Amino acid sequence: MLGRVLAAAPSLRERCILVTKGGIVPGVPYDQRPDVLRAACEASLRRLGVERIDLYFVHRPDMYAHPAETAEVLAALRAEGKIAEVGVSNFTVAQYEALAKWLPFPIAASQPEYSPAHLAPMRDGTFDACMRDGVVPLAWSPLAGGRLASAASGDGGGAVPGTGEGVRPELLSVLDEIAGREGVTREDVCYAFVRSHPSRPVVLLGTQRPERVRAAAGCRLERLERPDLYRIVQASEGARLP
């Protein structure tokens with residue numbers, strides 16, 4: 001579908017960073033063998049109708065792939081001009097470092113799950129490694145799979161706070177308090193929380209609704225101050241910080 005859009009409006013290609021992934025094969029489930037990654041990349045190029053992918057992610061780590069072999073095919077694809085940069089998605093810090101050791105160029109991006117309800121990248125060293133190496137984090141599921149989003153009211157009257165299934169009630173209360181004080185939505189507070197980390201994460205918004213994309217892009221709350229950030233962290237983890 002995206003390939004058809006780019007074919008119909010070629011000028012869009014120069015106005016975007018084109019990003020896609022490889023390494024997941026249904027039924028396997030993960031496969032980073034060189035021929036598999038190459039085939040996936042070249043198939044994406046054909047479907048997109050382009051000559052180069054700006055940022056190519058290894059989607060999830062294949063624990064049976066040697067990083068040297070993965071690095072070799074990624075370097076070859078880059079040398080051939082088929083990809084410009086490489087990223088890793090859902091890699092541990094050790095897996096990231098193992099691949100980085102064998103690549104002849106730096107990894108450009110890392111894609112961890114991160115939201116007010118999922119703070120692992122701050123605790124497991126992912127963001128620290130990004131800051132150390134100048135890697136850009138792309139935070140997926142910034143609304144915790146929609147659990148932090150506002151639920152549609154169903155009567156055309158806008159949105160009302162969602163129930164936040166599986167989320168600590170105290171976290172929702174803090175998010176809603178900040179949203180009310182700032183005159184923004186709960187989603188806006190979540191996006192601002194993600195952007196507030198010094199590793200400068202990019203909010204990776206997953207939606208098929210144009211109005212949600214417009215609303216996120218138009219959010220005026222860029223970042224949160226430390227008191228609000230630490231209130232969110234404590235509410236998320238259910239414990240006071242020492």
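**Cores**

I began with the largest nonpolar core, which has 30 residues, and noted that Leu 148, Val 189, Phe 193, Leu 224 and Ile 232 have the most contacts inside it. By nonpolar core I mean a set of buried Ala, Val, Leu, Ile, Met, Phe, Trp, Tyr and Cys residues joined through side-chain atoms within 4.5 Å, where buried means under 20% relative accessible area, exposed over 50% and partly exposed in between, with a 1.4 Å probe and protein chains only. The elements giving two or more residues to this core are α7, α8 and α10. A second, separate core has 27 residues, including Leu 37, Ile 53, Leu 77 and Leu 99.

I kept in mind that this is a predicted model, in which local features need pLDDT of at least 70 and side-chain atom pairs count only at pLDDT 80 or more, while totals for chains, interfaces and linings use all residues. Residues are numbered from 1 along each chain as its sequence is written, and side-chain values use heavy atoms, with hydrogens and water left out.

For Leu 224 I looked up the contacts (heavy atoms within 4.5 Å): not counting residues up to four places away in sequence, Leu 224 touches Ile 178, Val 189, Ala 192, Phe 193, Ser 196, Leu 229 and Ile 232.

**Whole chain**

I counted ten helices and eight strands in the protein, where helices (H or I, at least four residues) and strands (E, at least two) are DSSP runs numbered from the N terminus. The radius of gyration is 20 Å, close to the 18 Å that the globule rule gives for 242 residues, so the protein is as compact as a globular protein of that length; the radius is taken over C-alpha atoms, and the rule is 2.2 Å times the number of residues to the power 0.38. Of the 242 residues, 41% count as buried, and among contacts with a separation of 6 or more, 70% come from residues 24 or more positions apart.

**Helix α8**

Is α8 enclosed or open, judging by how many of its residues are buried? I found that ten of the ten residues of α8 (186-195) are buried, so the helix is largely enclosed by the rest of the structure. These buried residues pack against β5, α7 (169-182), β8 (202-204), α9 (210-217) and α10 (226-237).

**Asp 228**

Asp 228 is found in α10 and counts as buried at 8% relative accessibility. Leaving aside neighbours within four places in sequence, Asp 228 is in contact with Ile 178 and Arg 181. I also noted that the C-alpha atoms of Asp 228 and Leu 172, which are 56 residues apart along the chain, are separated by 13 Å.

**Backbone geometry**

Most residues other than glycine have a negative phi, and most peptide bonds are trans. With that in view, I recorded that phi of Ser 141 is near 55°, a positive value in a residue other than glycine, and that phi of Ala 144 is near 55°, again positive. Ser 141 lies in the loop between β5 (136-140) and β6 (151-152), and Ala 144 lies in the loop between β5 and β6. Ser 141 counts as buried at 15% relative accessibility, as does Ala 144 at 3%. Beyond neighbours within four places in sequence, Ser 141 is in contact with Glu 113, Tyr 114, Ser 115 and Leu 204.

Last, I recorded that the peptide bond from Val 28 to Pro 29 is cis, with omega near 5°, and that Pro 29 sits in the loop between β1 (19-22) and α2 (34-48).
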